[in-house]
Every structure is written in C-alpha cells, then in structure tokens.
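Subject: Structure for you to look at

Hello,

Here is the structure I said I would pass on. Please open it next to this message; my notes follow below.

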Amino acid sequence: MNDNDLQHLKYLRTAYIVNAGILFLIALLPVVHLVVGIGMIAGMFEDDKDPPPEFLGYFFVAIAVILIALFGTLAILNLFAARALGAQKNWVFCVAMAAVNLMFSPFGIIIGVFSLVVLLRESVKQLFERNAQPISGQMPDWR
C-alpha cells in the first residue's frame, strides 16, 4: 500500500459523490412527465378539441415513476459506494458499482474505468481486506 492508493480512493470518493448529485438531478427530469400524466388522468386537457386518451396519462406516470426510482436508487447506491471507498470496506460492492457506472456516459464511464483501474490493484485489495470485518454470525478465524 502506498499513499497514492489512498489519494486515488479519496478522488474516487469525491467523484462518486458528484456522480450521485448528477444522478439525483437526472431523476428530477421526469417530474415534468409525471405532472403532465397526472393532468391527463385528471382530465385537465378535456377542454381541447382533441384531448389525449386517458391511458396515455397512465403511461406517462408509469414511465416517469420508473425513471425517478431508477435514477434515485442509482444515486443512493453511488453515495453508499463513496462511503465504502472512504472507509476502504466492501470491495466487491465498490467493483460492482464501478461496473454499473460504466453504463452511463460520459461521467459514469470515466468513474467506472478509473474505479476499476484503482480497485483491481493488489495493494488496494489488501487495503480493503485489512479493513474488512467478519460477517455477523460467522466465527472469526483465530489461527
């Protein structure tokens, strides 16, 4: 382990926090569709000459709720990953989040690639292993 590993983990932690903020902002974008869908369901557009069908409102609401939940969950998971990187714990979770972030461009790809480069170093793995605690219910190895 060297000081560069700790510094790189600190940078990654900050990047994950920023990425969580970006994902929270993205989660707010479908709120417009949610409001329009609720308006369609409530009959807000019935005064128009050709109002949209009611099922379209349900479709708008369903898609908006799914997108809000998806991006909100990703943002929360990125915050958990930032916390784990700061504590040098849960190496597998951090690697999994790096892989998940690869699906979102451009910032997620950058974070995912750099995370994998840092986390797959043997010295970083050893750092995480030193900070790992036994799972409750398992007996620690006293040998």
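Where H4 meets H5, the H4 side consists of Trp91, Cys94, Val95, Ala98 and Asn101, and the H5 side of Gly108, Ile109, Ile111, Gly112, Ser115, Leu116 and Leu119. By class, this contact has 8 nonpolar and 4 polar residues, with no charged ones. Please keep in mind that the model is predicted. H4 covers residues 91–101 and H5 residues 107–119; their axes come within 7 Å and cross at roughly 145°. The crossing of H4 past H5 is left-handed.

Not counting residues up to four places away in sequence, Cys94 touches Tyr16, Ala81, Ala84, Leu85, Lys89, Leu119 and Phe128.

Next, the nonpolar cores. The largest has 18 residues, and those touching the most other members are Leu9, Tyr16, Leu85, Cys94, Leu119, Val124 and Phe128. At least two residues of this core come from each of H1 (3–28), H3, H4, H5 and H6 (122–131). There is also a second, separate core of 6 residues, with Ala20, Ala27, Leu74 and Ala75 among them.

Is Gln88 buried or exposed? Gln88 has a relative accessible area of 14%, which is under the 20% cut-off, so Gln88 counts as buried. Asn90, on the other hand, has a relative accessibility of 54%; the cut-off for exposed is over 50%, so Asn90 counts as exposed.

What does Gln88 touch, leaving out residues up to four places away in sequence? Its contacts are Leu6, Leu9, Leu127, Phe128 and Asn131. Within the sequence neighbourhood, a polar atom of the Gln88 side chain lies 3.2 Å from the backbone oxygen of Gly86.

Most residues other than glycine have a negative phi. Gln88 has a positive phi, near 55°, and Asn90 has a positive phi as well, near 60°.

Regards

Terms used:
Residues are numbered from 1 along each chain as its sequence is written. This is a predicted model: local features need pLDDT of at least 70, side-chain atom pairs count only at pLDDT 80 or more; totals for chains, interfaces and linings use all residues. Side-chain values use heavy atoms; hydrogens and water are left out. Axes are lines fitted to C-alpha atoms, for helices over the stretch in contact, and angles run from 0 to 180 degrees between N-to-C directions. Helices (H or I, at least four residues) and strands (E, at least two) are DSSP runs, numbered from the N terminus. A crossing is left-handed if the near helix is turned anticlockwise from the far one by less than a right angle, and right-handed if clockwise. Contact means heavy atoms within 4.5 Å. Ala, Val, Leu, Ile, Met, Phe, Trp, Tyr, Cys and Pro count as nonpolar, Asp, Glu, Lys and Arg as charged, and the others, Gly among them, as polar. Buried means under 20% relative accessible area, exposed over 50%, partly exposed in between (1.4 Å probe, protein chains only). A polar contact is a pair of N or O atoms within 3.5 Å; within protein, one must be able to donate a hydrogen and the other to accept it, and residues adjacent in sequence count only if both atoms are side-chain atoms. A nonpolar core is a set of buried Ala, Val, Leu, Ile, Met, Phe, Trp, Tyr and Cys residues joined through side-chain atoms within 4.5 Å.
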